Every structure is written in C-alpha cells, then in structure tokens.
Amino acid sequence: MDVLPFVILNGALTGMLLFMLAAGLTLVYGLMGIINFAHASFYMLGAYLGYQFTVTLGFVPGLILAPAVLGLLGVAFRRLILFRIGIQDQVRQLLITFGAAMVVTEGVQMIWGRYAVAYHAPRAMLEPLFNLGGLDFPIYRFFILAVATGLFVAIYGLLRFSRVGLILTAAQARPQMVRAMGYDLDHIHDLVFGLGLAVAGLAGPMIGVYPVMAERIITLLFVVVVVGGLGSLIGALVVSLVLGLIDTAAVTYRISLEPVVNSLFGPQERGTFLFDIASINTTTFAPMLPYLLMLLVLLLRPRGLMGQRDL
Amino acid sequence: MNLSPPRLTLLAILAVFPVALPWIAPTNATLSIATQMLVWTVMALSYNISFGQTGLLSFCHAVFFGAGAFAASHAVNAAAGEGLLAGLPLWIMPIPAFAAGALTAFIYGLFLASRTGVAFVMITMALATLTVSTVDNFDSIFGGESGVSIDRAFQDSFLGLVSFGPQRQAYWLVLAWTALAAGLMWLLTRTAFGQLAAATRENEERVRFSGQSTYRIRLVAMVLAGGFAGLAGALHAINIEQVSVEQFSLKTSAFAMFMCVIGGARVFYGPILGAVLLSALDKVLPGYTGSWPMYLGLVFCAVLIFSPDGLAGIGKGIAQAFRAPGARVQVLGRLLGRALAVAVLAFGTILAVEMATVLSSQEAMVVRDAVPVLGLSVDATSPTYWLLALALIAAGAWGAKHLVPPTKSAGAEVPHA
C-alpha cells in the first residue's frame with residue numbers, strides 16, 4: 001500500500017487548487033454579502049487568458065498577466081453591473097451573477113471555441129522532483145502546492161494582521177460607521193473583489209483549460225463556501241483539502257457494491273435494478289459526497305464548519 | 001377585473017386562436033413548436049408559484065418535471081402492456097404525473113420549507129445535483145442516455161375517434177391540459193392561500209405573527225408547484241414521446257427561471273409570455289446562430305437591470321403612460337425614441353456577437369468575410385464593421401440611458417447580517 005503518500009499529495013494538490021478558487025468566493029460573500037455565481041466563469045476566462053498569454057508571451061508573463069487582467073475585469077463587473085442591482089435584494093443579485101456567468105462562459109466559448117486547448121507548463125517543470133513508490137511527482141505539481149500555500153498565508157495575513165483587514169472586519173458589522181470614519185469602503189471592497197478573482201485566475205490554467213470547466217466546478221465551490229462557513233478562509237481551506245483527499249482516494253481505492261450484491265443475489269444481468277445497485281462504487285459515489293455534506297451542513301449547522309453566522 | 005369591450009375582444013382572440021391553430025399552422029413542425037410552448041407555459045407558471053409568488057428561487061424544480069415525465073412514461077408503457085394498469089387512456093396520464101411531481105416536491109420540501117433566500121437556493125442546488133447523479137446511476141428505471149420512449153398512440157380513446165397519434169390531436173390534448181392547469185394556477189393566486197404565500201414572500205415575520213406557519217405555507221406552495229411541474233413533464237412526454245435523465249438537470253430549472261424573469265414574475269401572465277417567447281426562440285434560433293445562449297444571457301441580464309418586472313412590466317408601463325393625462329404625442333415620441341435606441345443597441349450587439357463567433361470559429365470551411373447578420377452580409381475580418389458595431393452599441397446605450405428616466409442608484413450597502 002505504498003500509494004498512500006501519493007494519494008495524500010495528489011489529494012492535497014486538488015484541494016489546494018479548489019481552495020484557490022473558493023477563497024475569493026467565500027471572502028466576497030463573507031465581507032460584502034455578494035453571492036457570485038459568475039466566479040467560476042471568470043475563473044474559466046482567467047484560464048483561457050492564461051493560456052493565451054502563455055502561448056504568445058511565455059509561461060511567467062502568463063502567470064502574472066492573466067490574474068491581473070481578471071482582477072481588473074472583476075472590478076469593472078462589480079462597478080458596472082453589481083452596483084446597479086444593489087445589495088438589498090440578495091436573490092436579484094444572485095440572478096444577475098447567474099446571468100453574467102452565462103454570458104462570460106458563452107463569451108469565452110465564442111472567442112476560443114468549444115474545444116479544450118493545450119496548456120503546458122515549461123518542460124523543465126515537468127521533470128520529476130522525486131519518486132514515490134515508482135510514481136513520479138513532477139516539479140510543476142510541487143510548484144502549484146507552494147503557490148497555493150503561499151497565497152493562503154498571504155491572504156490570511158492580510159486579513160488578520162493588516163490595517164485593511166481590520167477595516168474589512170469592522171465593515172462587516174458596521175459599514176456606515178467605517179464610512180463615517182473616512183474610509184473609502186468601495187475601494188477596499190474593489191480590492192477584495194479583484195484579488196479574489198485574481199487568485200482564481202492564477203489557478204485558472206493549472207487544472208486544464210476546457211469549455212465546460214466553469215459549470216463543472218461552480219456548485220462544488222459553493223459546497224466549499226457553505227460547508228467551510230461563509231467568509232471563513234480556514235474553513236474553506238479545510239473543506240477543500242478534505243474534498244480533494246476524498247476525490248483522490250475514491251478513484252485510487254475503487255470499492256464497489258458488486259461483491260455484496262453478487263454474494264446476496266448472484267450475478268446480475270445488465271438493465272435490472274439490482275445491476276444498477278451493484279454498479280454503485282466509490283468513483284460514482286465520491287462526486288455526490290460533497291453535496292450530501294452540504295445538505296447535512298445546511299440542515300444541521302447552517303453556519304458551516306467555521307462560519308460566524310448562519311446562511 | 002374590468003371587462004371592457006377591447007379587453008373582451010383580446011381575451012376572445014386569445015381563447016380562440018390556440019384552439020384554431022392546427023388549421024392555420026403550415027407544418028407539423030410548427031405545431032410541434034406550439035405544443036412545446038404550451039408545455040413550457042405550464043412549467044413556467046408552476047415555477048412561478050414558488051418563485052414569483054412565494055419568493056423562493058429553486059434550482060430543483062426540474063426534478064419535479066422529470067418525476068412527472070417519467071411517471072407518465074412508465075404509466076403509458078404500463079397501460080400499453082398487460083397488467084394492472086392496462087387500458088388506461090392516454091389523456092388521464094397527467095394526473096399520475098401531477099401526483100409524482102407533488103410527492104417528490106413534498107419529500108424535498110420537508111428539507112427546504114424551513115429556509116428562504118440564499119440558503120434555500122443552495123439546498124435546491126445540492127438536491128438537484130444529488131438527484132441527477134443518483135438518477136444517472138439507475139438505468140433500469142430512467143433508461144440511461146437513451147431515456148425511456150413511449151408510443152402515445154397505443155390505443156384509441158373517446159369511442160375510437162382519437163388515437164392522439166397525429167401531432168394535431170396531441171396538440172389539442174396538451175392544450176386542454178394547459179388551459180386547465182393555467183386556470184387552476186390562476187385561481188390559486190386568488191385564494192387565501194395564494195395571498196398568504198405572497199405575504200410570506202414580502203414579510204415573513206408578520207405572517208408568523210398573525211399565527212400562520214410559514215413552514216407549512218412554503219411546503220404547500222412547493223407541493224403545488226411540484227405537482228404542476230410534474231403535469232408539465234407528462235405533457236412533455238406526450239409531445240416528444242421520449243424522456244431522458246437530462247430533464248432533471250439544473251439547466252431545465254434555470255430555463256424556467258429565465259422565462260419567469262424575462263416574462264415578468266410579478267404578473268400572472270408574465271411567465272406565459274416568457275415561456276411562449278423563449279421556448280419558440282429556443283427551437284428556432286439555433287438554426288440561425290450558434291450563440292443563442294449568449295443572447296439569452298444578455299437579455300436576461302438586461303431585463304434584470306433595466307426592467308425588474310420583465311416584459312409584462314414594460315407592457316404595463318407603456319399602457320400606463322398612455323392612460324396618464326397629458327399629450328399622447330409626447331408619450332408616443334418618447335416610447336419610439338426608446339424603442340429605436342434599444343433596436344440600435346440590439347443590432348450592434350448582434351453584429352458584434354455574430355462576427356466574433358465566425359472569426360473565432362476553427363472550422364476551415366467557414367466564410368469569414370460574408371457573415372449573414374439579419375439578412376445583411378458583413379465582413380468579420382474588416383475593422384470597419386467592428387467599428388460600426390461598437391458605434392451602434394455605444395449610440396444605442398447612450399440613447400437608452402438618456403431616453404429612460406434614471407433609476408435610483410443603489411450602490412451603497414446596508415448591513416446584511
């Protein structure tokens with residue numbers, strides 16, 4: 001069973017990438033009360049931008065430019081669209097981000113086509129860093145892990161120890177008071193919104209750049225945000241890692257109901273109800289687990305793992 | 001409701017036209033689209049019981065639609081076969097579908113009815129995703145990718161006069177059920193329960209204070225919405241004669257939601273307007289453009305921002321402007337100005353979207369310098385046309401902004417805790 005370290009490493013990697021996507025979403029919800037359905041679509045846009053910049057300018061410029069452009073687009077989106085809706089009506093706000101998600105996703109597919117594009121890290125980064133039980137672990141994966149961890153530390157530090165973090169925390173409870181003290185809350189919120197998308201944009205091309213990447217991930221991101229607790233960075237980190245590990249483990253150790261059903265009722269023919277039961281296995285069940293978790297959390301502990309207030 | 005002569009005439013036309021449609025419709029395909037419109041009318045109206053009336057934004061409404069569609073399909077197949085249900089006529093199939101939808105909605109409602117707002121949305125999303133994954137696994141019931149097919153002409157009904165095989169007969173059957181369902185849903189808005197549901201949407205605390213259980217109100221609203229969604233599912237099954245797991249997806253729910261928002265969720269006939277328009281466009285437009293979802297998204301966003309009450313709201317606004325005292329010529333002038341601005345904006349957008357689609361297309365045989373846009377042939381590679389598109393968009397936006405009275409800006413936030 002020497003695949004275990006590999007499962008843990010790959011699970012952590014998936015989890016950290018998920019965290020990079022969810023961080024912005026949970027912060028924007030926690031600090032501004034905006035449920036951004038378009039978050040994953042912007043992330044997709046970031047991925048394609050990253051791909052485009054990498055192809056035309058190179059790996060490092062792609063890594064820097066795509067998040068920067070995405071952050072600016074995010075600020076523009078907030079100023080031009082979200083401001084028109086206002087924050088009082090959360091359902092309407094949710095609807096407008098839902099519509100925006102559709103437009104951005106379609107726009108990306110319109111510009112880059114409805115095919116997956118090939119994004120490659122530089123050859124040097126695909127060399128194995130070390131070898132675990134006969135399986136290579138490339139430098140690139142380690143690089144992603146390092147970037148994600150660094151980002152978590154940076155965002156957490158910013159919120160916890162900086163003046164901006166202090167103002168944001170205060171603004172959560174008493175926005176009028178913070179404004180009255182002379183802080184331009186709109187600009188600070190722009191910063192958070194932009195940064196949240198920039199982080200997602202950085203993660204963009206790392207998982208793979210394909211046309212349905214946004215709709216694949218958006219519900220999963222909400223699971224992370226809800227289960228972790230709204231606005232809780234650490235909660236999001238923990239849930240992301242757990243989901244990453246579950247996902248990797250389920251694929252690696254494939255456990256099926258088939259032996260159980262077969263020993264009870266004998267081998268089954270295709271097309272019968274028992275065959276369907278027998279074909280349930282961890283790979284088909286694992287993608288459902290996050291939503292079961294979310295359902296349980298919403299019903300039993302609406303504030304999530306580490307949230308401050310109920311959803 | 002005041003029944004002035006012009007109103008009565010309008011109602012009479014609205015009542016007679018759908019019944020007479022099969023004699024007017026040029027082809028079976030047209031009639032099939034019309035049937036689809038009716039199915040979506042029921043679906044959108046049922047969505048609006050929870051959305052517009054009770055204020056619950058649901059992403060698992062399609063599950064009830066799917067439940068109804070599959071219940072009806074299995075019932076039809078059972079009726080066509082030999083067994084307990086053998087010989088049941090086709091026209092009563094929406095009843096078991098209603099029951100299936102309502103039952104599913106009741107089970108889901110037990111989890112959902114205690115929550116509102118964003119929490120409600122999240123739970124419906126989780127439930128919808130879970131349902132789709134589960135259903136995907138049970139090919140024995142849901143038929144996997146190919147789905148379950150039925151033969152609606154499995155026996156003759158009404159003394160052997162109708163078999164429901166021809167599209168025309170199926171259309172009338174669907175029309176009859178649609179009229180019944182829409183009538184019942186309209187009556188629902190008039191009942192004490194309908195008023196209570198609306199009150200729960202507006203101010204939950206007050207309803208609770210007056211001694212009502214808002215949990216029960218939401219649960220009942222969901223069950224009724226689910227039942228009518230199931231009925232719509234049965235009508236869909238009868239029309240298409242084939243149902244698949246796709247029916248359960250989040251996208252189906254979102255499509256119903258688009259209909260309610262674009263048509264106008266605050267008015268009873270709003271969702272009907274949205275359903276008729278969107279289901280027709282959904283069938284027709286993909287033949288002309290590859291970017292139909294793009295336009296749908298853009299229109300949806302525009303409606304949300306500029307006309308929160310949808311097309312029905314716009315219609316009401318126009319009617320009010322005309323009824324108000326003052327110079328009619330001026331009102332008409334302003335309306336025409338606005339309409340012109342919106343048309344210019346729309347044309348510019350269509351031009352840009354179509355050119356972008358063609359330009360980025362990876363197929364070799366695509367002709368990039370002769371893009372058909374609304375009957376014109378434009379050159380997507382020439383900057384002139386791009387500048388023209390941008391100028392049209394800018395001019396249209398400017399016109400729309402300055403010809404519409406500015407709405408109250410709502411940028412500043414209020415504590416949301």
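This is a predicted model: local features need pLDDT of at least 70, side-chain atom pairs count only at pLDDT 80 or more; totals for chains, interfaces and linings use all residues.
Residues are numbered from 1 along each chain as its sequence is written, and chains are lettered from A, with ligands numbered from 1, in the order in which they are written.

**Chain A**
- Chain A has 14 helices and two strands; helices (H or I, at least four residues) and strands (E, at least two) are DSSP runs, numbered from the N terminus.
- Its radius of gyration is 21 Å, close to the 19 Å that the globule rule gives for 311 residues, so chain A is as compact as a globular protein of that length. That radius is taken over C-alpha atoms, and the rule is 2.2 Å times the number of residues to the power 0.38.
- The C-alpha trace of chain A spans about 75 × 50 × 40 Å along its principal axes.
- Buried residues make up 44% of the 311 in chain A. Buried means that 20 or more other C-beta atoms lie within 10 Å of a residue's own, exposed means 12 or fewer, and partly exposed is in between, with C-beta atoms placed from the backbone.

**Chain B**
- Chain B carries 16 helices and four strands.
- For its 417 residues, a compact globule would have a radius of gyration near 22 Å, and the 24 Å of chain B agrees with that.
- Its C-alpha atoms fill a box of roughly 70 × 65 × 50 Å along the principal axes, and 42% of its residues are buried.
- Helix H15(B) has 33 residues and should span 48 Å at 1.5 Å a residue; its end C-alpha atoms are 48 Å apart, which agrees. The expected span is 1.5 Å times one less than the number of residues.
- Among the buried residues of H15(B) are B:Leu345, B:Glu354 and B:Met355.
- B:Glu241 sits in the loop between helix H10 (214-240) and strand S2 (242-243) of chain B. Its phi is near 65°, a positive value in a residue other than glycine, and with 17 C-beta neighbours inside 10 Å B:Glu241 counts as partly exposed.

**Domains of chain B**
- An automatic or database domain assignment gives domain 1 (21-298) and domain 2 (325-403).
- The domain centres, taken over C-alpha atoms, are 35 Å apart.
- Five residues of domain 1 are in contact with four residues of domain 2; contact means that C-beta atoms, placed from the backbone, lie within 7 Å.

**Where the chains meet**

**Nonpolar cores**
- The largest nonpolar core has 197 residues, and those with the most contacts inside it include A:Leu17, A:Met20, B:Val42 and B:Phe228. Such a core is a set of buried Ala, Val, Leu, Ile, Met, Phe, Trp, Tyr and Cys residues joined through C-beta atoms within 7 Å.
- H10(B) contributes the largest share of this core, 16 residues.
- Not counting residues up to four places away in sequence, B:Phe228 touches B:Val42, B:Leu45, B:Ser46, B:Ile49, B:Ala181 and B:Met185.
- A second, separate core of 13 residues includes B:Leu351, B:Val358, B:Val371 and B:Ala400.

Note on methods:
Two residues are in contact if their C-beta atoms, placed from the backbone, lie within 7 Å.
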